[in-house]
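The following account leads the reader through a single protein chain, from its overall makeup to selected local details. Please keep the sequence and the structure in view while reading.

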Amino acid sequence: MATITEKSSKKKLKSGLRWLTLSAVLAVASAGGWFVYSLTLKSSKEAIEVRAIEVKKDTLERKLTESGTVELGGQQTLKSPADGIVTGVLVEVGDRVSAGQTLVILRDPERETVLRNHQLEMQEKELALATKRQQVAEASRKVAIAEEKLQAIANRYRADSSAKLRERELQIQQKELDLAEKRQQLLEVQAALASAESKLQNRIDRQGAGYQPGLRQQQLQIEQEELGLENLRLNVVEAEEDLASAKRELEEDEELFKRGFIPENEVEGQQRQVRAATSRLREARLAVSNASISLDKSRLQLQTIEQDIQDGIVVAADEVAAASVELRSAELAVKTANIELNSLRLGTPELEEEIQNNALQAQSELRQASDEVREAASTLQAARDEVRNAFIDIEKHQLARQKIEQEIQESIVTAPSEGVILDVQAKKGAVVKLSDALLTQGNAAIELVNLQISTLNAAKVRRGQLARIILIGSDEKSFIGQVEELSLLAGSGGSNNGDSGEATVAATVRLDAPTGVLIPGIQVSVDIILEQRQDVVAVNTEAIARSGSETFVWVRDEAGKAQKSPVTLGLEDFTTATVEISSGLEPGDEVLLPPIDEPLEEGTPVSIAE
């Protein structure tokens with residue numbers, strides 16, 4: 001029973017293995033057929049139609065867009081400086097004004113009345129001051145007369161007494177100086193004579209003893225140089241003979257060489273001997289030339305020494321004679337100066353006695369004149385005190401008047417700077433209070449845009465950044481400027497873009513040039529350029545595809561199939577939806593824009609939509 005069961009089991013196992021093998025064969029055949037069918041189907045699939053764009057160079061920007069309010073440079077509202085009545089409005093809206101130009105005139109009747117009263121009082125005080133000044137002038141004239149009289153007496157005394165004594169002292173001092181000078185000249189002449197005599201004796205001694213050995217030595221040197229020159233000339237003759245002999249031997253060797261009797265190296269050796277003989281001859285001639293020059297120099301030195309000896313003795317003798325004449329003249333001048341000085345000293349006591357007598361008489365006259373001067377000076381001082389008091393009183397009145405005039409002048413409103421009138425609130429005849437608005441002025445040459453930027457965006461803004469101001473409307477216009485001011489403090493409140501309660505930072509954009517079309521107070525859009533890249537390779541962001549960390553674009557290969565081309569991205573301009581391609585593409589390349597409903601794969605056939 002067990003054997004039958006075992007056989008039955010083996011039979012079933014063999015049958016199962018056959019079915020399993022058959023199933024595997026069928027599965028492989030089905031998969032292969034499906035794979036072949038897929039390849040056939042794929043190869044016969046129609047190409048996907050895509051759009052293509054050309055890669056170009058463009059300018060990309062990263063910017064902030066804010067809204068702002070236009071105003072003019074230096075725009076301000078001029079207010080009333082005091083209470084009063086508007087008596088004149090001299091400008092209209094749109095008028096251009098210069099700094100200091102009168103714009104509005106106000107009037108205060110009460111101050112004008114007070115000013116007229118002060119002017120009348122001032123006239124009275126000025127008349128009184130003029131009278132007192134005349135009194136001062138008269139007193140000054142009397143003082144001047146008294147001082148002139150006193151000065152005349154003092155001058156006469158000095159002329160008759162001390163002036164004569166001083167003159168005599170000056171004469172004596174002058175004579176003493178003259179005598180000292182002449183004595184000094186005498187010493188100098190004596191020293192010059194001694195020097196000339198010593199010089200003459202030295203010349204004579206050198207001729208007798210000093211110059212003779214030198215002359216003899218120079219003569220011996222010349223004889224030696226003449227003998228040396230003769231020997232050098234003999235050397236030249238010997239060198240010429242050696243050269244001639246070497247040349248003859250060279251000619252003989254060259255002839256033997258031509259016939260083949262001697263080798264070439266013997267000819268070359270003889271040529272070297274000829275060159276050496278030529279060099280020795282040249283050196284010998286040069287030595288003769290140098291020796292001749294040296295001999296000429298020695299002969300010239302000998303002539304110079306002989307001439308110096310002769311000339312020196314003659315010159316020294318002339319100097320001694322001239323010094324002797326000067327000595328006699330100097331001695332005579334000293335004697336004459338001594339006689340004149342003694343004469344002046346003997347006459348001095350008589351002059352002093354005469355001066356003493358004149359001094360006694362002058363002292364009495366001086367006392368009387370001094371009393372007259374003191375009396376006149378006292379009268380003058382009293383008159384000056386009265387003038388000073390009157391002048392102080394006038395100055396007080398002038399200060400009061402100036403204060404009133406200043407108050408009246410402040411009622412004239414002037415332009416603080418050059419600009420244009422934007423608004424006029426003042427009306428002629430109207431009563432105004434202190435600080436009431438009169439008109440608004442600004443500088444038309446400077447156009448500004450005030451912004452309120454969120455604190456997040458303000459951190460990206462810097463002074464000097466480029467800004468584009470856009471006047472939005474049916475005829476949109478744009479202008480160029482730059483960020484001029486950026487507050488360091490954030491403020492609360494509203495902003496120009498409609499937000500409220502959010503902290504903002506104030507900023508000011510200044511236009512590069514006045515536009516003439518922007519009206520103060522209007523709203524404009526401002527693009528602050530945070531970053532700008534000019535003339536860079538760029539494509540539309542639609543062409544950029546990403547897969548994980550890979551960034552690429554689709555391109556069409558030569559076979560008309562889509563392929564990935566890796567790229568590196570740079571700055572992205574969100575306004576124009578373009579992005580910079582740092583690497584991977586060149587201007588003129590063509591990239592594909594894949595359809596939204598059918599994604600591309602590498603190798604997919606594509607066709608360019610017209």
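The paragraphs below treat the chain as a whole, then its nonpolar cores, an aromatic pair and a loop residue.

The model is predicted: local features require pLDDT of at least 70 and side-chain atom pairs count only at pLDDT 80 or more, whereas totals for chains, interfaces and linings use all residues. Residues are numbered from 1 along each chain as its sequence is written, and side-chain values use heavy atoms, with hydrogens and water left out.

The chain has 6 helices and 20 strands, taken as DSSP runs numbered from the N terminus (helices: H or I, at least four residues; strands: E, at least two). Of its 610 residues, 29% count as buried; buried means under 20% relative accessible area, exposed over 50%, and partly exposed in between, with a 1.4 Å probe and protein chains only. Among contacts (heavy atoms within 4.5 Å) with a separation of 6 or more, 78% join residues 24 or more positions apart.

The largest nonpolar core contains 22 residues, and V449, V526 and I528 have the most contacts inside it. Such a core is a set of buried Ala, Val, Leu, Ile, Met, Phe, Trp, Tyr and Cys residues joined through side-chain atoms within 4.5 Å. At least two of its residues come from each of β2 (56-79), β9, β10 (466-471), β11 (477-491), β12 (504-511) and β13 (523-540). Beyond its neighbours within four places in sequence, I528 is in contact with residues including L64, L451, I453, L466 and V483. Another core, of 18 residues, lies apart from the largest one and includes L229, L243, A284 and V288.

The structure also holds 1 aromatic pair. Rings of Phe, Tyr and Trp (its six-membered ring) pair if their centres lie within 6.5 Å, with planes under 30 degrees apart counted as stacked, over 60 as edge-to-face and the rest as tilted. The ring centres of F552 and W554 are 5.5 Å apart and their planes stand at 90 degrees, so this pair is edge-to-face. F552 is buried because its relative accessibility is 3%, and W554 is likewise buried, at 6%.

One further site is the loop between β8 (431-432) and β9 (437-454), where S435 lies. This residue counts as partly exposed because its relative accessibility is 43%. S435 touches K79 and S80, leaving out residues up to four places away in sequence. Although S435 and K79 are 356 residues apart in sequence, their C-alpha atoms are 4.9 Å apart in space.
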